[in-house]
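Here is a short briefing on pockets and what lines them. The structure comes first, then the points by topic.

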Amino acid sequence: MTDYEENMIPAAEGSSAAALRPAPPKTVQSRLRWLQGQGLVVLPIIVVVFIVGAIISPVFLTVTNLVSNVLYQTAVLAVLALAETLMLLSNRFDLSIESVVGIAPAVAAWLIVAPELGGKGVYLDVAVGILLIFAIGAAVGLINGLLVVKLGLNTFMITLAMLILLRGLTLGVTGGAMIFNMPRSLTYIGRASVGPVPISVLIAVVLYVAAALFLRYHRLGKAIYAIGGNEEAARAGGVRVERLRLGLYVLSGTLAALAGLMLTGRQATVLPNQGQGMVFSVFAAAVIGGVSLNGGRGKMLGAFLGVVLIGTVQNILTLSHLSSFWIDAVFGAIIVGAVLLSKVTVRE
Amino acid sequence: MKNRLANTPRSESAPTSAALSVDTPPDQKRGGMVGLAERLIASRRHARFQDWALLPILVVVFIIGAVASPTFFTASNLFHNVLQQSAALAIVVVAESLLLISGKFDVSLESIVGLAPMVGALLIVSVEAGGLGLHISPYVAILIVLAVGALIGVVNGALVIRLNLNSFIITFAMLILWRGITLGLTSGQSLSALPSQLLYLGSAEWFGVPISVWLFIAVFVVAELFLRLNPLGRAVYAIGGNPSAARATGLNVNRIGWGIYIVAGLMAAVAGLVLTGRIAAVTAAQGNGLIFSVLAVAVLGGVSLDGGRGRMTSVLIATLLLAAITNILVLLQVPSFWIDAAYGAIILVTLAVSKLGGRKDGAGRKKRGGIAKPQQAAELSE
């Protein structure tokens with residue numbers, strides 16, 4: 001266990017109100033179910049993965065590796081998984097987040113950077129550029145939301161089409177080339193750190209704690225569970241369903257834009273295929289963390305642990321002497337295993 | 001409402017179990033061509049306006065294509081570019097549509113398109129060209145390719161139907177696994193120098209028309225006739241529309257569902273052979289990203305992600321629509337990434353317009369864009 005996790009768990013546990021916790025369970029089965037309910041079912045798997053990691057590589061269990069590799073590299077995934085978890089809890093999807101990770105920073109960087117470095121040559125002010133990144137994310141979320149909420153179109157299809165559209169636009173804007181040599185202020189969030197801890201990790205942690213508290217204590221947070229579990233009942237209970245859903249889509253797009261900014265900073269470039277395929281890991285993290293695809297069930301802590309598991313596994317695979325071509329296959333096998341394992345204890 | 005069962009009285013647009021028993025009482029079934037014709041006419045009752053809703057758009061696109069480029073409306077372009085290049089997509093679209101109609105998902109089909117021909121090629125190609133050097137007969141290799149597809153279908157079916165895992169997420173995970181295995185098997189290399197027998201489906205022609213185009217047409221015709229006329233085809237709608245009712249009428253829901261997974265895997269392997277034949281090689285990335293287009297086309301063609309609804313005629317029109325638009329943009333020398341963007345835009349606009357234009361979509365309207373919940377429906381039926 002890292003320092004980081006030891007800090008994290010009590011913080012999030014505080015959010016799961018002690019008053020609502022059921023009496024201590026008795027059997028193994030019910031113990032697992034209790035863990036599932038708290039979003040903690042991945043914890044034993046993470047412990048096993050940490051032990052395996054320590055055996056495979058002496059580098060793994062060092063603070064440097066855990067903080068500046070595992071956590072730093074999963075911060076982007078963590079923010080995306082948070083956005084997707086909120087969507088899933090409300091019984092909707094947002095697949096387009098992986099494309100927002102690409103398009104939002106790509107457009108901003110394109111407008112900021114000089115033409116010889118892959119930009120348009122508009123020399124936009126960096127502060128405006130950063131605002132633009134969030135505006136693009138929010139706008140994409142708003143369009144998704146209007147199409148899904150107002151027109152009642154299928155959430156999966158709309159956000160998938162949006163994913164394809166934005167991916168094409170990103171390639172079109174960048175001309176398929178990297179945009180690099182960006183101003184320091186644009187890469188700040190992704191590169192800077194407070195002491196040994198990268199700012200992007202701090203942002204991710206703060207967001208998770210805030211989201212967990214919001215879901216548990218805030219009226220709207222509870223309403224998200226309500227509309228995900230039974231929309232009609234929630235409506236009857238006075239929740240303004242359409243408005244809340246629209247807000248969630250905008251939030252999801254904005255968070256994806258933040259993730260894009262963090263990724264751009266870390267890489268110090270905008271890649272034309274930035275974010276591609278990330279939605280796979282995002283869904284895997286959420287589902288492994290016990291977030292139901294049918295809405296209304298799941299915990300932020302669970303999603304967070306799912307992200308940590310995926311990040312740790314990826315790190316161990318990189319550290320191991322496995323041929324890079326087999327990493328994907330092993331990663332896939334582990335995901336399949338984790339989904340199977342989580343099924344054993346999920347009370348669907 | 002939370003579950004699909006509450007929405008099921010949409011059976012008028014799809015022959016669910018009720019229609020199944022009414023339309024094909026076993027004692028009144030007639031054999032031969034007369035019976036076939038009678039059943040075909042009877043099944044017209046189920047054909048709805050929305051089966052053809054995309055046809056005007058397709059006509060407009062064809063007119064625009066003919067105006068924009070003199071090459072577009074030539075037989076050579078239509079057969080060798082529009083149809084041949086979308087044949088692999090079309091086969092996977094039909095496979096995925098069958099799964100969707102039965103209320104299931106299989107995202108891993110795109111990885112079968114890569115993995116199945118890769119295994120076959122590995123067993124043929126010599127060691128220096130990146131293979132295993134086993135030099136097995138190409139005919140055996142083709143059988144192995146098909147077997148790999150079917151086997152993956154068996155595995156996916158087992159995970160979804162036996163273990164009752166969510167078909168979306170588990171096939172997502174399997175996709176990562178199979179794709180990783182494809183990459184690992186060849187260390188990211190492409191395998192070329194393949195024997196002509198293995199390339200046959202994707203490269204040869206019958207009567208001046210590529211075999212892949214014949215296949216394209218054949219899968220749609222067979223799937224349409226199967227779904228419309230065969231009792232088992234009706235059963236596919238029934239188990240997708242209302243699994244518990246289907247079970248109550250005596251259908252073996254699990255066996256049919258599993259069978260569809262196997263057929264879909266097999267079809268994806270055939271699509272892999274078609275693709276391999278066309279480019280005369282198996283690449284490590286073959287099929288990557290295909291599933292996005294497949295799902296887009298299926299849904300554009302009116303196949304419900306909630307199961308129980310979908311017509312092959314409109315899926316065919318949707319496939320042709322996307323194929324024609326892609327071809328026109330290529331002829332106009334639009335860079336490929338703008339084609340991708342156009343693709344997404346077309347899907348968004350078509351979905352929005354068809355909704356605004358008042359295309360009645362009972363389930364969608366009620367659910368306000370909800371996501372498929374096969375698990376919940378299954379749970380309720382127990």
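Helix 15 of chain B contributes the most to the lining of the second largest pocket, giving six residues. The model is predicted: local features need pLDDT of at least 70, side-chain atom pairs count only at pLDDT 80 or more, and totals for chains, interfaces and linings use all residues. Residues are numbered from 1 along each chain as its sequence is written, chains are lettered from A in the order in which they are written, and side-chain values use heavy atoms, without hydrogens or water.

**Terms**
- A pocket is an open set of points on a 1 Å grid over the protein atoms alone, where a 1.4 Å probe fits, with protein on both sides within 12 Å along at least five of seven lines; lining residues have an atom within 4 Å of a point.
- Volume is the space filled by probe spheres set on the points, which are joined across faces, edges and corners.
- Helices are DSSP runs (H or I, at least four residues), numbered from the N terminus.

**Second largest pocket**
- This pocket holds about 980 Å³ of space.
- Its lining has 33 residues, and nearest the centre lie Leu290(B), Ser293(B), Thr326(B), Asp340(B) and Tyr343(B).
- Helix 7 (155–174) of chain A is among the elements that give two or more residues to this lining.

**Largest pocket**
- Its volume is about 1,100 Å³.
- Of its 36 lining residues, Gln276(A), Gly277(A), Met278(A), Ser281(A) and Gln314(A) are the closest to the centre.
- Helix 4 of chain A supplies the largest share of this lining, six residues.
- Helix 8 (167–186) of chain B is one of the elements that each supply at least two residues.
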